[in-house]
Amino acid sequence: MKRSATSLIISTVMLCTVGATSQIQAADTLAKIKSTGKIVIGHRESSDPISYVVAGKPVGYAVDICNQFANDIKKELKMPGLKVEYKAVTSSTRIPELLAGNIDMECGTTTNSKQRQEQ
């Protein structure tokens, strides 16, 4: 059985944003993205090969996945001109940046733990 594109995107945003523990929060993130006209992706600068910087540009496996999610969000929101911005995060700033709404998703190796789900 196929899930709708909206359901898939909401699930994806929830998985990418470790702090998003409900569909309501994911929907709020999508609403924020739509209203601001941009999606902000948090990335690590030195977690090779997952997320790192080459010539000033974030690259890596997780960055590729987040970019694909951003493309899917552009389609779902019918906003082909949606800007994608990157913000460097560290292991100590990634969760606070996410909870503060400064980033919409994180490209990294953050584990999904019970403690983080409670945040």
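Reader: How many bridges join strand S1 to S6?
Author: Strand S1 (residues 38-43) is joined to S6 by three bridges, and the two run parallel; strands count as paired if DSSP finds at least two bridges between them. Helices (H or I, at least four residues) and strands (E, at least two) are themselves DSSP runs, numbered from the N terminus. This is a predicted model, in which local features need pLDDT of at least 70 and side-chain atom pairs count only at pLDDT 80 or more, while totals for chains, interfaces and linings use all residues. Residues are numbered from 1 along each chain as its sequence is written, and side-chain values use heavy atoms, with hydrogens and water left out.

Reader: Which residues stand opposite each other there, say for Gly42 and His43?
Author: Gly42 stands opposite Glu106 in S6, and His43 stands opposite Cys107 in that strand.

Reader: And what about S1 and S5, over how many bridges do they pair?
Author: S1 and S5 pair over six bridges, in the parallel sense, with Ile39 standing opposite Val84 in S5.

Reader: So what order does the open sheet have?
Author: The order is S5-S1-S6, an open sheet of three strands with parallel pairing. Strand S5 (83-88) and S6 are at the edges with a single partner strand each, so one side of each is left without a neighbour in the sheet. From one strand to the next, the twist averages 35°.

Reader: Which strands does H3 touch when it packs on the sheet?
Author: H3 touches S1, S5 and S6, and its direction makes about 150° with that of S6. Axes are lines fitted to C-alpha atoms, for helices over the stretch in contact, and angles run from 0 to 180 degrees between N-to-C directions.

Reader: Is S1 mostly covered or open?
Author: S1 is mostly covered, with five of its six residues buried, where buried means under 20% relative accessible area, exposed over 50% and partly exposed in between (1.4 Å probe, protein chains only).

Reader: Switching topic, which cysteines does the disulfide join?
Author: Cys66 is joined to Cys107, with an S to S distance of 2.4 Å; a disulfide is a pair of cysteine sulfur atoms within 2.5 Å. The pair links distant parts of the chain, 41 residues apart, from Cys66 in helix H3 (residues 61-76) to Cys107 in strand S6 (residues 105-107). A search of the whole structure finds one disulfide, and both Cys66 and Cys107 are buried.

Reader: What else does Cys107 touch?
Author: Not counting residues up to four places away in sequence, Cys107 touches residues including Ile41, Ser51, Ala62 and Val63, contact meaning heavy atoms within 4.5 Å.

Reader: How many residues are in the largest nonpolar core?
Author: That core has 14 residues, and Ile33, Ile39, Ile41, Ile73, Leu82, Met105 and Cys107 touch the most other members. A nonpolar core is a set of buried Ala, Val, Leu, Ile, Met, Phe, Trp, Tyr and Cys residues joined through side-chain atoms within 4.5 Å. Helix H2 (23-36), S1, H3 and S6 each supply at least two residues of this core, and H3 gives the most, with five.

Reader: Where does Ile33 lie, and is Ile33 buried or exposed?
Author: Ile33 lies in helix H2 and counts as buried, because its relative accessibility is 0%. Beyond its neighbours within four places in sequence, Ile33 is in contact with Lys38, Ile39, Ile73, Leu77, Leu82 and Asp104. Ile33 and Asp104 are 71 residues apart in sequence, yet 7.9 Å apart in space, C-alpha to C-alpha.
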